[in-house]
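Let's walk through this structure together, one step at a time. Keep the picture beside you and find each part as we come to it.

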Amino acid sequence: QVQLVESGGGLVQPGGSLTLSCAASTSIFNGRTIAWYRQAPGKQRELVAQITSSGATIYAGSVQGRFTISRDNAKRMVYLQMNSLKPEDTAVYYCKNLLINTWGQGTQVTVSS
């Protein structure tokens, strides 16, 4: 069974906004830190943001102030609100349990004029 499903990606212009969603299974989500990662072609996957089960957040310096991670524990959903998008934000975005190495297919975000 699929444990992580990302959605909400698309094509946006620089300066635009996009909100990504992640639906996670009970075993992956409940009581655990969930993180958003991204990977651009030819580059390593990098940690973008993370949120604990109680809502504490940490952001990569490159997105701090522009991105907001949130979660709805009742719905087992994690969100990534992305504002002031830049071309360098272009990547496939993934969500995952910070500690468990299980990945979904990701959702493509392309920032281009």
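**Strands, core and turns**

Start with S4 and S5, which run antiparallel and are joined by 5 bridges. Strands count as paired if DSSP finds at least two bridges between them. The names come from DSSP runs numbered from the N terminus: helices are H or I runs of at least four residues, and strands are E runs of at least two. Across this pair, Ala-35 faces Gln-50 in S5. The hairpin of S4 and S5 has 6 residues between its strands, and there Gly-42 has a positive phi near 75 degrees.

Before we go on, a word on what you are looking at. This is a predicted model, in which local features need pLDDT of at least 70 and side-chain atom pairs count only at pLDDT 80 or more, while totals for chains, interfaces and linings use all residues. Residues are numbered from 1 along each chain as its sequence is written, and side-chain values use heavy atoms, with hydrogens and water left out.

Now follow S5 to its other partner. S5 pairs with strand S6 (residues 57-59) over 3 bridges, again in the antiparallel sense. Here Gln-50 stands opposite Ile-58 in S6. This hairpin, made by S5 and S6, has 5 residues between the strands, and Gly-55 takes a positive phi near 105 degrees in it. In general, strands of a sheet pair through backbone hydrogen bonds, either parallel or antiparallel.

Let's step back to see the whole chain. It has 1 helix and 10 strands, and along the sequence they follow the pattern β-β-β-α-β-β-β-β-β-β-β. The C-alpha trace spans about 40 × 25 × 20 Å along its principal axes. A compact globule of 113 residues would have a radius of gyration near 13 Å, and the protein chain agrees with its 13 Å. That radius is taken over C-alpha atoms, and the globule rule is 2.2 Å times the number of residues to the power 0.38. Among contacts between residues at least 6 apart in sequence, 53% join residues at least 24 apart; a contact means heavy atoms within 4.5 Å.

Next, look for an open sheet of 4 strands, with the order S1-S3-S8-S7 and antiparallel pairing. Which strands stand at the edges? They are strand S1 (4-7) and S7; each has a single partner strand, so one side of each is left without a neighbour in the sheet. Neighbouring strands of this sheet are turned by 15 degrees against each other on average, direction ignored. These angles use axes that are lines fitted to C-alpha atoms (for helices, over the stretch in contact), and angles run from 0 to 180 degrees between N-to-C directions. Within the sheet, S7 and S8 pair over 6 bridges in the antiparallel sense, and Ser-70 stands opposite Tyr-79 in S8.

Time to look inside. Of the 113 residues, 40% count as buried, meaning under 20% relative accessible area, with exposed over 50% and partly exposed in between (1.4 Å probe, protein chains only). A nonpolar core is a set of buried Ala, Val, Leu, Ile, Met, Phe, Trp, Tyr and Cys residues joined through side-chain atoms within 4.5 Å. The largest one has 27 residues, of which Trp-36, Leu-80, Met-82 and Tyr-93 touch the most other members. Several elements give two or more residues to this core, including helix H1 (26-29) and strand S9 (91-97). The largest share, 4 residues, comes from S3.

Is Asn-97 buried or exposed? With a relative accessible area of 3%, Asn-97 is buried. A polar atom of its side chain lies 3.0 Å from the backbone oxygen of Ile-28, and one lies 2.8 Å from the backbone nitrogen of Leu-99.

Finally, visit two loops. Most residues other than glycine have a negative phi. Arg-76, in the loop between S7 and S8, has a positive phi near 55 degrees, and at 31% relative accessibility Arg-76 counts as partly exposed. Ser-84, in the loop between S8 and S9, has a positive phi of about 50 degrees and is partly exposed at 41%.

Conventions:
Polar contact = N/O pair within 3.5 Å; in protein donor to acceptor, adjacent residues only side chain to side chain.
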